Amino acid sequence: WGWTEAILSRTYSATAETVRAAGSQQQIAIGKRLAAVFGCPDCHGSGLQGDIFVDMPYVARVHAPNLTLVAQQLSDAQLAQSIRQGVRPDGRALFAMPSEMYVHLRDDELAAVLGYLRSLPAGGAAMPAIEWRVVGRIALLAGEFEPTPVLVAKARTKQPPDAGEHARG
């Protein structure tokens, strides 16, 4: 149990984020579209007020955080760090956050998403932390569940394909 607690409490260094939330209605609309494309509602619920998305007996129970509350509590830099790097403000790793998919987001895209999150009215309840169960803790020890910053580091070594003249879609 103690070894898994060491894994869960390990801290990671993060690159300082300088992205600021976009403020125009057009940028916020782009952020809403990007959040849908990125699948944010799939884990965080349709209103991004948090949801349970994994409940595996003996493994783990995972609630996605209520982003309407998180956006009120964290700075733009802290939100950007959580999204793009998978690192909490206290330096601990996020688990189950697919930051490795967002590591190559451009600053304007991330700013639009932050603007959208900031535009949402706070509502709902805070979600509980991940409940790691016995088999989940054994899997942590075996390296089957990697902390998100580890996945981000691997993703950084891979460059997205060059889209050439089609880079903007």
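Predicted model: local features only at pLDDT ≥ 70, side-chain atom pairs only at ≥ 80, totals over all residues.
Which residues is Arg133 in contact with, leaving aside its neighbours within four places in sequence?

Residues are numbered from 1 along each chain as its sequence is written, and side-chain values use heavy atoms, with hydrogens and water left out.

Arg133, then, lies in the loop between S3 and H7. Helices here are DSSP runs of H or I with at least four residues, strands are runs of E with at least two, and both are numbered from the N terminus. Leaving aside neighbours within four places in sequence, Arg133 is in contact with Asp55, Met56, Pro57, Tyr58, Val59, Ala60 and Arg61, where contact means heavy atoms within 4.5 Å. Arg133 counts as buried because its relative accessibility is 18%; buried means under 20% relative accessible area, exposed over 50%, and partly exposed in between, with a 1.4 Å probe and protein chains only.

Tyr58 sits in the loop between strand S1 (51-56) and strand S2 (60-64). Its relative accessible area is 61%, so Tyr58 is exposed. Tyr58 also has a positive phi of about 70°, although it is not a glycine. Ala96 is another residue other than glycine with a positive phi, in this case near 75°. Ala96 is found in the loop between H5 and H6 and, at 44% relative accessibility, counts as partly exposed.

Helix H5 (residues 76-85) packs against helix H6 (residues 107-119) at an angle of about 115°, and their axes are 11 Å apart. The axes are lines fitted to C-alpha atoms, for helices over the stretch in contact, and the angles run from 0 to 180 degrees between N-to-C directions. H5 and H6 are therefore roughly perpendicular to each other. On this scale, angles under 35 degrees count as roughly parallel, over 145 as roughly antiparallel, 65 to 115 as roughly perpendicular and the rest as oblique. The crossing of H5 and H6 is right-handed; that term applies if the near helix is turned clockwise from the far one by less than a right angle, and left-handed if anticlockwise.

On the H5 side, the contact is made by Asp76, Leu79, Ala80, Ile83 and Arg84, and on the H6 side by Asp107, Leu110, Leu114, Leu117 and Arg118. By class, this contact of H5 with H6 has six nonpolar, no polar and four charged residues. For these classes, Ala, Val, Leu, Ile, Met, Phe, Trp, Tyr, Cys and Pro count as nonpolar, Asp, Glu, Lys and Arg as charged, and the others, Gly among them, as polar.

H6 also meets H2. The axes of H2 and H6 come within 7 Å and cross at roughly 100°, and the two helices are therefore roughly perpendicular to each other. Among the residues that meet here are Ile28, Leu34 and Phe38 in H2, and Glu109, Val113 and Tyr116 in H6. The contact of H2 with H6 has eight nonpolar, four polar and two charged residues. Glu109 is buried, with a relative accessible area of 18%.

What of the interior? The largest nonpolar core has 26 residues, of which Leu48, Leu79, Ile83, Leu110, Leu114, Tyr116 and Leu117 touch the most other members. A nonpolar core is a set of buried Ala, Val, Leu, Ile, Met, Phe, Trp, Tyr and Cys residues joined through side-chain atoms within 4.5 Å. The elements giving two or more residues to this core are helix H2 (25-38), helix H4 (67-73), H5 and H6. H6 gives the most, with seven residues. A second, separate core of 10 residues includes Leu8, Val62, Val87 and Phe95.

Trp3, Thr4, Glu5, Ile7 and Leu8 of H1 make the contact with Arg137, Leu140 and Leu141 of H7. By class, that contact has five nonpolar, one polar and two charged residues.

Finally, Gly124 lies in the loop between H6 and strand S3 (131-132). At 56% relative accessibility, Gly124 counts as exposed. Not counting residues up to four places away in sequence, Gly124 touches Gln49, Asn66 and Leu69.
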